[in-house]
Amino acid sequence: MKSALRNLTLLLSLLPLVQVHGRRVRNTESNGISVLGDFNHESSFPRFPETIANVTVTVGRDALLACVVDNLRGFKVAWVRVDTQTILSIHHNVITQNPRISLSYNDHRSWYLHIKNVQEADRGWYMCQVNTDPMRSRQGYLQVVVPPSIVDRETSSDMVVLESTNVSLTCKATGYPEPYVMWRREDGENYRYNGENVNVVDGEVLFITKVSRLHMANYLCIASNGVPPSISKRVQLRVQFPPMLTIPNQLEGAYIGQDVALECHTEAFPTSINYWTTERGDMIISGDKYEAVSMDSGYKKYMMLKIRNVGPGDFGSYKCVAKNSLGETDGVIKLEEIPAPTTVRTTTHFPTMPPKKKGRGRVGGDRLGRGGGVGGGSDLNRVSSSDKTSDDDSNPEYDYDGEFTLPSNRPPAIQDLPGAFSGSAQLPVPCRFLLIALLVLVCLR
């Protein structure tokens with residue numbers, strides 16, 4: 001750096017003498033250094049009214065450093081790269097051979113250093129100098145930031161591993177400032193890591209012990225350092241394991257003529273070959289009688305066998321089979337016959353008065369002689385369609401086989417009391433007339 005400044009001083013010494021108020025003034029001291037005479041006071045020197053602002057620019061963009069000098073008069077301005085001791089420009093002339101550097105100025109007060117297509121090598125301190133004695137200067141820092149990028153040759157690619165083994169995913173990123181790296185699943189789901197459920201793992205290495213099928217997913221390595229854009233790389237993790245099978249219902253029932261569906265769930269990777277067989281071992285092919293349906297969801301598969309119009313020969317055992325390169329498994333579902341459903345006859349009961357008894361016609365009125373004479377007009381005095389009354393007339397029931405008579409709005413009839421006039425023990429006709437006559441005489445007294 002001292003040699004560069006010495007060269008700069010040498011160059012500046014070759015410049016024309018300083019002009020002060022239109023005349024040249026030089027006093028030479030015993031050491032041979034030229035200084036200003038009577039005009040050597042602070043107000044006559046150039047000054048920097050403001051500092052050189054630090055500049056941050058993304059690599060590949062253009063940078064601009066500004067130096068403002070007041071009262072420059074006949075003095076000269078130069079730009080110097082401090083850390084590399086390189087003179088970039090002197091006054092109106094660009095000294096460096098770097099084609100990306102140029103110079104501009106405004107009224108000899110503002111001096112601009114332009115750097116096109118900034119590279120990381122341009123990062124550092126830059127000095128704006130004025131050839132006073134002693135030299136006056138200001139410095140500004142050019143910060144060059146680099147967005148993150150992932151180093152493919154040092155980053156894991158898609159992996160296929162066996163279940164229960166350990167797996168390590170590595171992601172290497174570069175940039176300035178140094179990038180922050182993290183891992184997460186592309187679907188955003190949590191996953192088991194070091195004994196706990198996590199969503200994000202910090203660091204360049206994702207190490208999973210005893211990997212399981214639940215870890216099977218696409219993982220994103222994300223690198224960021226505050227300089228847009230952040231970058232990510234997808235790593236696909238596949239876990240191999242032999243088929244595993246579950247059956248929701250191992251026993252199904254169906255009646256003749258019914259359609260029935262048998263279900264089976266399998267898990268496998270690589271993807272398994274799945275099919276159905278009869279108990280004789282014959283593979284079942286979809287057709288008029290059978291319909292085999294299969295739906296995939298990742299390493300899981302749903303199987304259904306639909307049997308149409310079940311017949312006597314369809315009862316028995318059916319086998320669900322799954323196999324891949326790592327193994328084979330099967331499960332059995334038994335189909336048994338059940339009775340066909342029958343039609344159920346329901347009866348509706350209405351809250352009505354007790355129905356009329358079956359039996360022979362009786363004398364009008366009640367047993368006690370009230371309510372009219374022989375052949376009175378009461379609704380109770382009708383002849384039943386039956387010539388005999390049963391012993392159950394005291395507790396009548398609805399005659400469902402006969403005609404049903406809706407209830408009337410009249411008050412309920414008085415029930416017959418068991419006794420001489422009950423339908424189950426009637427007197428001969430002459431005796432009945434004699435008894436009626438005796439009752440009439442009693443009443444006349």
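Reply: Happy to! Let's start with an open sheet of three strands, ordered β6-β11-β10 and paired in the antiparallel sense. Strands here are DSSP runs (E, at least two residues) numbered from the N terminus, and two of them pair if DSSP finds at least two bridges between them. Before going on, please note that this is a predicted model, in which local features need pLDDT of at least 70, side-chain atom pairs count only at pLDDT 80 or more, and totals for chains, interfaces and linings use all residues. Residues are numbered from 1 along each chain as its sequence is written, and side-chain values use heavy atoms, with hydrogens and water left out.

Back to the sheet: β6 (63–68) and β10 (101–106) are at its edges with a single partner strand each, so one side of each has no neighbour in the sheet. On average, neighbouring strands of this sheet are turned by 20° against each other, direction ignored; the axes behind such angles are lines fitted to C-alpha atoms.

Now follow the pairings. Six bridges link β6 with β11 (residues 110–115) in the antiparallel sense. β10 and β11 form a hairpin with three residues between them, and Asp107 in the turn has a positive phi of about 55°. As a general point, side chains in a regular strand alternate between the two faces of the sheet.

As for the inside, a cavity is a set of points on a 1 Å grid over the protein atoms alone where a 1.4 Å probe fits but cannot get out. Two cavities of 30 Å³ or more are counted. The largest cavity has a volume of about 50 Å³, a volume being the space filled by probe spheres set on the points, which are joined across faces, edges and corners.

How values were computed
Helix = DSSP H or I, 4+ residues; strand = E, 2+ residues; numbered from the N terminus. Axes fitted to C-alpha atoms, helices over the stretch in contact; angles between N-to-C directions. 1 Å grid on protein atoms, 1.4 Å probe; cavity = no way out; pocket = protein on both sides within 12 Å on 5 of 7 lines; lining within 4 Å.
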